[in-house]
Amino acid sequence: MLYSLKLPLEPRAPVEAVYPDGRRVFLGTVRLIPWKTRYPGFTASRNGSGGEVIASGANALHLLLDVEKGKGRTLSIIPSSTFVAVAGTGSSLVVEGVGGIGLFGRYAPPVGSRVYVVNRLGYRIPFRSKDLLKYGASLEIDVEAPAEDASYIRFENWEGGHVYLAVNGEECPVAVVEKPFDSSGRFLGTLYQVQGGVRANHPGVICVSTSPLGEIGGFQIVPLGHVYDHEMRKVRNMGQWMIVRGLSFERLEGTYPLFSGLIRPFDRSYGGNVGRVLCMMGDSSEWQDLPEALGVQPGVFSDVKEIKILLK
């Protein structure tokens, strides 16, 4: 285990990352505690497993308790200086601070990280029931080291292009591009991320900001199966979404390495490479920063032939 996130269910208590050697990193103070869960959660939450992180983003973390009648039951962790529509009133643990840093940056747990409720006797119980909130003293999230030494994911931005995961210096194909992207769109969460940073990852999306902090603009990468959900059907005809599918048309929702287990939001205060997104444009063979694009700009990325999400 890399570290465990300790989130007390007590106002004004400190939120910390605790390492196996006992070292602690302060990540903020609890402002509000949840008194209920959200059902149904966002649509793609049904593609996860109960007791795990289901979304990791610069403006929110979402936890999946279980899937009931084909829909997810969720609880959210959000910074106080943000707005997250899918979090819901009363179903969020609010931590003092802003998005895109710390708990919502370099310390954000990847999708699939295990979540526990710690009761008042100190016992850890997998967080798979809403009733556990009544008896919980804190939440704990274990962040494990990746199973592979992956350094980046590379996307060929053309129909039939491939998606590659680089492990130990070697690239392996993991998906196929069904539809490339060429435009920017209005994704509210990009308000809390800087240009060229991963904003969020969940079982049905990788969201990338192309706008400066405080502005809206970006694009998303989604698995083909998620496109058939009612609210996503329009994406086939809109340029701000790249659609990817399995190498043999297998479903990718909630699967490693694109939609679980690996991608984390960029930390805008710490910097580094984790969650940074680069591109290759036109005839150039050099990787460069993503161009700025605010709001809806059709065709603004038509010259982007490849993108790369850095993982380390």
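A residue is called buried when its relative accessible area is under 20%, exposed when it is over 50%, and partly exposed in between, using a 1.4 Å probe and protein chains only. Strands are DSSP runs of E with at least two residues, numbered from the N terminus. With that in hand, look at strand β10, residues 136–143: 7 of its 8 residues are buried.

A quick word on what you're looking at. This is a predicted model, where local features need pLDDT of at least 70, side-chain atom pairs count only at pLDDT 80 or more, and totals for chains, interfaces and linings use all residues. Residues are numbered from 1 along each chain as its sequence is written, and side-chain values use heavy atoms, with hydrogens and water left out.

Back to β10 and its partners. Two strands pair if DSSP finds at least two bridges between them. Strand β1 (residues 3–8) runs antiparallel to β10, joined by 6 bridges; here Y3 is bridged to V143. Strand β8 (residues 114–119) is also antiparallel to β10, again with 6 bridges, and V118 has S138 as its bridge partner there.

Now turn to Q240, in the loop between β16 (218–223) and β17 (241–245). Is Q240 buried or exposed? Q240 counts as buried because its relative accessibility is 8%. Setting aside neighbours within four places in sequence, Q240 is in contact (heavy atoms within 4.5 Å) with several residues, including F181, S183, F187 and F219.

Methods
Helices (H or I, at least four residues) and strands (E, at least two) are DSSP runs, numbered from the N terminus.
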